[in-house]
Amino acid sequence: MIVRPRLHWFRLLFVWRGSVLPQIVGRLVVIFIVSVVSVALSGWWLQHFPQSALSIPPFTLMGIALAIFLGFRNSVSYERFWEARKQWGSLLIVARNLINKLGVCQPESSVAGLREQAARRVTAFAYALKHQLRGTDPSDDLRLRLSSECLATIDGKLFPAQIILQSISEQVGMLRHDGRLSEMAWLALARDIDRLGEVAGASERIASTPIPYTYRVLMNRTVVIYCLLLPIGLTTTLGWLTPLIATFVAYSFLALETVGEQLEDPFGIEANDLALDALCHTIESAACELAGVAPLGQAPRVEDFVLT
Amino acid sequence: MIVRPRLHWFRLLFVWRGSVLPQIVGRLVVIFIVSVVSVALSGWWLQHFPQSALSIPPFTLMGIALAIFLGFRNSVSYERFWEARKQWGSLLIVARNLINKLGVCQPESSVAGLREQAARRVTAFAYALKHQLRGTDPSDDLRLRLSSECLATIDGKLFPAQIILQSISEQVGMLRHDGRLSEMAWLALARDIDRLGEVAGASERIASTPIPYTYRVLMNRTVVIYCLLLPIGLTTTLGWLTPLIATFVAYSFLALETVGEQLEDPFGIEANDLALDALCHTIESAACELAGVAPLGQAPRVEDFVLT
Amino acid sequence: MIVRPRLHWFRLLFVWRGSVLPQIVGRLVVIFIVSVVSVALSGWWLQHFPQSALSIPPFTLMGIALAIFLGFRNSVSYERFWEARKQWGSLLIVARNLINKLGVCQPESSVAGLREQAARRVTAFAYALKHQLRGTDPSDDLRLRLSSECLATIDGKLFPAQIILQSISEQVGMLRHDGRLSEMAWLALARDIDRLGEVAGASERIASTPIPYTYRVLMNRTVVIYCLLLPIGLTTTLGWLTPLIATFVAYSFLALETVGEQLEDPFGIEANDLALDALCHTIESAACELAGVAPLGQAPRVEDFVLT
Amino acid sequence: MIVRPRLHWFRLLFVWRGSVLPQIVGRLVVIFIVSVVSVALSGWWLQHFPQSALSIPPFTLMGIALAIFLGFRNSVSYERFWEARKQWGSLLIVARNLINKLGVCQPESSVAGLREQAARRVTAFAYALKHQLRGTDPSDDLRLRLSSECLATIDGKLFPAQIILQSISEQVGMLRHDGRLSEMAWLALARDIDRLGEVAGASERIASTPIPYTYRVLMNRTVVIYCLLLPIGLTTTLGWLTPLIATFVAYSFLALETVGEQLEDPFGIEANDLALDALCHTIESAACELAGVAPLGQAPRVEDFVLT
Amino acid sequence: MIVRPRLHWFRLLFVWRGSVLPQIVGRLVVIFIVSVVSVALSGWWLQHFPQSALSIPPFTLMGIALAIFLGFRNSVSYERFWEARKQWGSLLIVARNLINKLGVCQPESSVAGLREQAARRVTAFAYALKHQLRGTDPSDDLRLRLSSECLATIDGKLFPAQIILQSISEQVGMLRHDGRLSEMAWLALARDIDRLGEVAGASERIASTPIPYTYRVLMNRTVVIYCLLLPIGLTTTLGWLTPLIATFVAYSFLALETVGEQLEDPFGIEANDLALDALCHTIESAACELAGVAPLGQAPRVEDFVLT
């Protein structure tokens with residue numbers, strides 16, 4: 001996630017970090033060169049093929065169609081991003097609710113200990129899920145928060161977050177078995193644990209099922225070919241203004257396509273992806289505050305305006 | 001939130017407060033000046049560069065694409081605004097339901113006292129959340145409604161609203177422990193408390209995760225550059241009508257972009273943001289009416305047609 | 001709600017009631033006059049300012065942008081209308097379910113009486129909510145359905161519907177206290193009562209939070225200015241056909257803006273608003289049929305094709 | 001619902017049944033005639049009113065606006081259709097779940113009988129709802145599946161489906177009263193019965209609240225007037241190609257408007273409406289298969305590619 | 001589902017597998033030929049019918065309208081695809097939650113056996129559903145995972161997945177009957193089983209109710225006729241560039257229509273459909289990991305970049 005103070009509209013025009021310019025600058029240079037060549041050759045072309053000239057109208061037609069498709073694509077990508085954020089928001093909500101509800105356990109003196117244990121495990125669940133979604137190694141973050149027995153059960157599993165969830169579930173089941181938790185309270189807590197399972201499942205769904213590949217092929221093809229033909233079409237009307245306008249239009253379309261592509265997989269580590277590190281830390285802070293203990297991890301730093 | 005009586009369409013044309021004109025008037029003046037300069041120089045330019053003139057067609061193409069993107073942006077911003085409103089609507093609903101359900105507590109003579117206490121705490125929860133979302137100091141509003149012990153537990157916490165929620169949860173847990181509340185009734189009340197936690201979590205989510213920064217950079221850049229080029233493109237066709245039309249079109253686009261930006265963070269204090277002060281007061285009024293006590297705060301006044 | 005038999009497409013062209021023509025006919029006349037004046041003066045203008053003429057292309061650009069914004073506005077308004085309808089649909093569903101479930105009360109002989117009482121109170125709840133949303137006086141409708149004690153508790157309250165809901169809740173609570181209702185059955189009924197509270201809260205939310213004011217100012221301004229400039233732009237090309245075409249286009253845009261404005265507040269009494277009177281009557285009919293008693297109110301009549 | 005094997009794109013061009021051509025062919029003929037007359041008279045007109053000619057640009061403007069509105073209309077209609085389908089899908093799901101859960105009744109030997117009875121009644125509920133939504137007479141379908149006592153209670157009621165639901169509810173209540181069903185199992189079954197009530201309520205909502213009438217008037221007016229003016233506008237440019245192109249464009253717009261109108265009321269018996277007969281039969285088959293008995297009704301036949 | 005490593009934009013231009021080119025190449029060739037013929041004959045035509053020429057403006061109008069409708073169609077198709085994916089994601093989530101919750105069964109020593117049995121049956125449910133949705137024979141996959149008694153009950157049934165679900169339900173019911181599962185735990189598990197029923201019902205709904213047939217007829221007709229007329233319209237302006245541009249535009253429209261058609265039925269076996277084989281395997285892996293047993297099936301291989 002890009003984190004910046006709100007800028008004046010004028011300064012926003014010249015922002016480099018936080019825009020997607022770095023990713024598309026290569027293509028823009030190609031288009032600029034095509035524009036210059038096209039204007040330079042246009043006199044010669046019109047002399048030899050006076051009947052075969054590209055003009056603006058076909059580009060209006062295609063450009064608007066393209067805008068509609070890019071709009072569709074960005075809607076879909078943004079919805080994926082926002083659904084992912086909602087699920088992680090639920091993780092925070094459920095973590096708090098679960099720790100809160102442990103207050104009904106008997107005897108009252110044991111509540112603080114149970115809450116601490118739950119806070120550690122729920123945080124470990126969040127970290128394990130983060131690492132699973134990003135394909136990174138969870139061992140450092142888990143070692144800090146879980147007992148060595150618990151760590152042993154996780155070792156080599158495909159879905160470590162699920163095993164942690166199972167251990168929370170077993171702990172709650174034992175409290176009920178020992179009569180320290182009523183049947184009703186168990187039901188309420190079991191529902192919270194199910195909700196954590198839903199968060200994990202939904203995150204895995206978003207991460208494992210991208211937008212159908214054909215859309216990406218189609219978008220890329222249409223946008224690139226369109227942007228390469230555009231300078232040729234503008235030449236007749238705009239003359240030497242062509243490179244300027246063509247690059248500007250291409251910038252709009254390519255940038256939108258690129259943001260759409262970044263948001264499509266919100267669990268990645270690109271600049272516009274979700275700040276899972278920061279979210280994990282917030283979950284730990286909130287869970288630990290309710291449990292009355294100190295968080296074990298540290299808040300990630302903002303580097304170059306990007307929070308990971 | 002802007003509060004105005006419904007105006008006749010003709011008077012609506014000249015409304016100053018409630019429109020976003022104040023925020024964009026600077027940019028409109030720049031565009032007006034560019035238009036005048038463009039018309040004044042157009043004769044000279046056409047004489048020297050007869051082949052390089054901006055005309056309307058490229059602007060049709062870009063303008064419609066821009067409109068589609070602005071439409072997408074406004075949809076997303078409005079959905080955030082409306083989701084935020086729904087969550088605060090839920091806060092009101094749950095507050096009422098919770099106070100209502102306390103009627104099953106035993107002995108019946110204690111119900112009134114329990115309801116009053118719940119009304120105070122739920123209201124304090126709403127105020128604490130409001131202050132957290134706006135980054136303001138909650139102490140005045142909380143001191144009015146919470147006991148000094150309760151205030152002490154909140155002091156210096158990151159998420160005071162959660163601590164208040166925990167205190168409600170503990171009170172309900174104690175009622176059950178004392179046998180004054182059945183297991184079932186506890187379950188129903190615990191669900192209400194969970195819902196309040198969801199409202200807080202969802203509000204935090206909206207406040208902490210803006211629309212990806214790149215969209216804002218992209219929108220601002222595209223709209224501003226488009227509006228600055230537009231008068232040049234209109235000059236050839238419209239002559240001295242250019243400043244009028246260019247400023248009108250720029251007004252539409254810039255105003256839409258600005259409303260979208262205001263709605264994106266619905267918990268702010270800009271004119272179009274949610275009236276959290278008024279909502280907190282409504283929650284207190286409703287909760288206190290059901291509990292049969294008088295509200296402690298006062299309704300916020302509408303200043304300059306804006307309700308905060 | 002407008003209620004008409006399905007008409008043949010040809011007769012639909014000449015419908016007066018049910019269209020929004022009456023509300024916008026004033027503006028259409030203004031636009032017609034502007035058209036005529038514009039055509040009459042066009043010869044003179046072109047002679048004196050041959051370089052400064054409005055033509056169609058800028059209107060294509062603005063018109064399509066306008067259509068996109070109107071589309072957005074109408075989507076949002078329709079969603080508000082439909083959400084409101086859904087909430088009132090839930091009211092009907094929950095009323096039935098609640099009366100249905102009372103069948104588990106003991107002794108069986110008391111079920112009929114309990115059902116009748118519940119049917120009366122739920123209907124009173126619906127009427128109280130309707131009057132609150134429309135800002136009208138509920139006393140006639142309530143006096144018919146509630147006991148005088150119950151009426152006394154409502155007197156002078158801000159949210160009478162909530163007090164009625166509280167009385168239903170207390171009745172159910174007492175049944176449970178007396179052992180005539182099991183804990184489980186109480187839980188199921190309490191959930192229904194919560195749902196009624198949600199319907200009320202959601203309706204209040206829609207009624208109290210209109211679409212941000214700035215959108216209305218912006219829409220009105222853009223549509224009106226556009227429609228006033230349009231005839232001038234069409235003159236050069238269409239000549240004396242201008243008044244016809246300009247008025248037709250203005251009709252489409254103004255009518256859409258007006259429907260959007262009507263649907264925005266679905267609880268009003270304009271022709272396209274929800275038929276709350278009829279809905280209240282349906283709720284009473286359905287509730288009374290299940291309770292085996294006769295409804296007390298009468299079905300509202302359709303006047304001038306409008307059902308209120 | 002139209003049921004056809006997937007056709008090759010070329011054969012799809014000449015499909016008559018399943019398209020809405022039959023409904024709009026009248027209007028298309030009118031437009032064709034207007035085109036021919038318009039081309040025939042165009043020479044004479046241009047000679048006498050050389051300054052007042054309709055050309056294509058105003059139609060581009062209006063046509064795109066119209067497309068946006070038709071897009072909005074079709075989205076709304078399709079959402080209604082799909083929500084209706086979802087509700088009936090829920091009916092099937094809940095019917096199965098309910099029958100499934102009856103397996104916990106005591107003594108085990110009675111389960112088969114209870115399941116059969118439930119399967120019959122749930123199917124009768126589906127048929128009663130179907131007939132209510134379509135305004136047809138349910139007696140044949142109900143007589144086949146309900147006992148004569150049950151039939152007597154339904155006689156003359158406004159909402160027969162609700163009475164059937166009440167009888168299911170009473171049966172389940174009695175099982176609990178007799179101790180053959182635990183409290184918990186009753187709660188789970190009561191929730192299923194509530195869900196059936198929701199399906200009925202939601203279906204009634206969709207059937208009783210069409211899209212606001214003004215939209216229909218507006219759509220019809222705009223589409224028809226547009227299509228009638230279009231040939232005049234195309235004449236100057238296209239000459240004798242006008243009738244072909246104008247009819248093709250009119251076909252697209254009128255067909256879309258007509259599909260939108262059909263889907264708006266998904267419970268009707270037009271070709272594109274929901275196949276309620278087939279759905280009822282599927283519900284019966286599924287319910288009876290789980291109950292281990294044979295279905296009483298027969299699958300509806302596909303007539304002329306349409307399944308009702 | 002198409003599975004490919006992320007390619008550079010330039011290489012993406014030349015991807016053959018994963019695009020829908022193979023399906024539409026026939027139509028593109030027809031359009032290319034029409035273009036060439038149209039350019040070749042254009043001189044002759046303009047000489048004989050100088051007044052009847054197709055030019056670009058009518059195509060702008062129709063093309064944008066078409067883009068809007070295609071956008072609508074793709075939104076609807078994608079929503080169906082995504083809803084299907086969500087349902088199957090729920091299947092995974094519920095399978096895990098169910099196995100997890102079995103941990104509360106008594107005596108503890110029996111938990112492992114119960115979990116294994118549940119894992120096998122839930123996986124069999126997923127496979128049975130997959131085969132039902134695709135119309136293929138489930139016997140191989142079921143024989144591997146179910147006991148022969150269980151297989152016997154499924155034989156010849158219309159909805160085998162439901163019978164497997166019933167067997168899970170009966171197993172859980174027996175545990176409760178034997179007192180090895182508390183009432184509350186039974187309620188929580190029964191809810192999970194209901195959720196599995198919902199997944200099956202929703203999948204059947206999507207599979208059995210395609211987008212209304214008329215939309216498909218209309219889309220195909222409009223896209224094909226439009227693409228066939230387009231080269232004729234472009235000829236006058238573009239000359240020998242026509243075949244290039246016309247084929248490119250036709251590619252965009254036809255490809256989008258084809259992807260929309262593929263996604264509409266997400267349970268098929270086309271390249272862009274859901275990878276149900278892989279999903280079933282993931283469900284088995286996850287369920288077996290939690291149950292501590294080895295999965296019985298093997299992961300499907302990616303063939304030609306397509307995962308089925």
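Reader: Buried here means under 20% relative accessible area, exposed over 50% and partly exposed in between (1.4 Å probe, protein chains only). With that in hand, is C:Gln87 buried or exposed?

Author: C:Gln87 is buried, with a relative accessible area of 14%. Before we go on, this is a predicted model, in which local features need pLDDT of at least 70 and side-chain atom pairs count only at pLDDT 80 or more, while totals for chains, interfaces and linings use all residues. Residues are numbered from 1 along each chain as its sequence is written, chains are lettered from A and ligands numbered from 1 in the order in which they are written, and side-chain values use heavy atoms, with hydrogens and water left out.

Reader: Thanks! Which helix is C:Gln87 in, and which residues is it in contact with?

Author: Helix H3 of chain C, residues 56-101, holds C:Gln87. Helices here are DSSP runs (H or I, at least four residues), as are strands (E, at least two), numbered from the N terminus. Leaving aside neighbours within four places in sequence, C:Gln87 is in contact (heavy atoms within 4.5 Å) with C:Arg195, C:Glu198, C:Val199, C:Ala202 and C:Ser203.

Reader: Let's move to chain A and chain B. How many residues does the contact take from each?

Author: Chain A gives 70 residues and chain B gives 65 residues. The area buried between the two chains is about 6100 Å², and carbon and sulfur atoms give 66% of that. Buried area is the accessible area (1.4 Å probe) that two parts lose on being put together, summed over both.

Reader: And how many residue pairs are in polar contact there?

Author: There are 14 such residue pairs between chain A and chain B, with both residues at pLDDT 80 or more. A polar contact is a pair of N or O atoms within 3.5 Å; within protein, one must be able to donate a hydrogen and the other to accept it, and residues adjacent in sequence count only if both atoms are side-chain atoms.

Reader: Which helices of chain A supply at least two residues of the side that touches chain B?

Author: Those are H1 (9-12), H3 (57-101), H8 (183-208), H9 (213-238), H10 (242-264) and H11 (276-291) of chain A. H3(A) supplies the largest share of that side, 20 residues. By type, the side of chain A that touches chain B has 43 nonpolar, 16 polar and eleven charged residues. Ala, Val, Leu, Ile, Met, Phe, Trp, Tyr, Cys and Pro count as nonpolar, Asp, Glu, Lys and Arg as charged, and the others, Gly among them, as polar.

Reader: Let's walk through them. What does B:Glu204 form a salt bridge with?

Author: B:Glu204 pairs with A:Arg96, with the closest N and O atoms 3.1 Å apart. B:Glu204 lies in helix H8 (residues 183-208) of chain B and A:Arg96 in helix H3 of chain A, so this pair joins two chains. Both B:Glu204 and A:Arg96 are buried.

Another salt bridge has B:Glu170 meeting A:Arg115 at 3.8 Å, N to O. This pair also crosses between chains, from helix H7 (residues 160-177) of chain B to helix H4 (residues 111-134) of chain A. B:Glu170 is partly exposed at 42% relative accessibility, while A:Arg115 is buried at 8%.

B:Asp194 forms one with A:Lys101, at 2.7 Å between the closest N and O atoms. A:Lys101, A:Asp192 and B:Asp194 are linked in a salt-bridge network.

Reader: Nice. Which rotation superposes chain A on chain B?

Author: A rotation of 72 degrees, with 0.0 Å of shift along its axis and an RMSD of 0.0 Å. The two copies are thus related as by a five-fold rotation axis. The superposition is by least squares on the C-alpha atoms of residues with pLDDT of at least 70 in both. Only 11% of the interface residues of chain A are also interface residues in chain B, so the copies meet through different surfaces.

Reader: Last one: which residues does a cis peptide bond join in chain B?

Author: B:Gln106 and B:Pro107, with omega about -15 degrees. B:Pro107 is in the loop between helix H3 (56-101) and helix H4 (111-134) of chain B. In chain E, a cis peptide bond joins E:Gln106 and E:Pro107, with omega about -15 degrees.

Definitions and conventions:
Salt bridge = Lys/Arg side-chain N within 4 Å of Asp/Glu carboxyl O.
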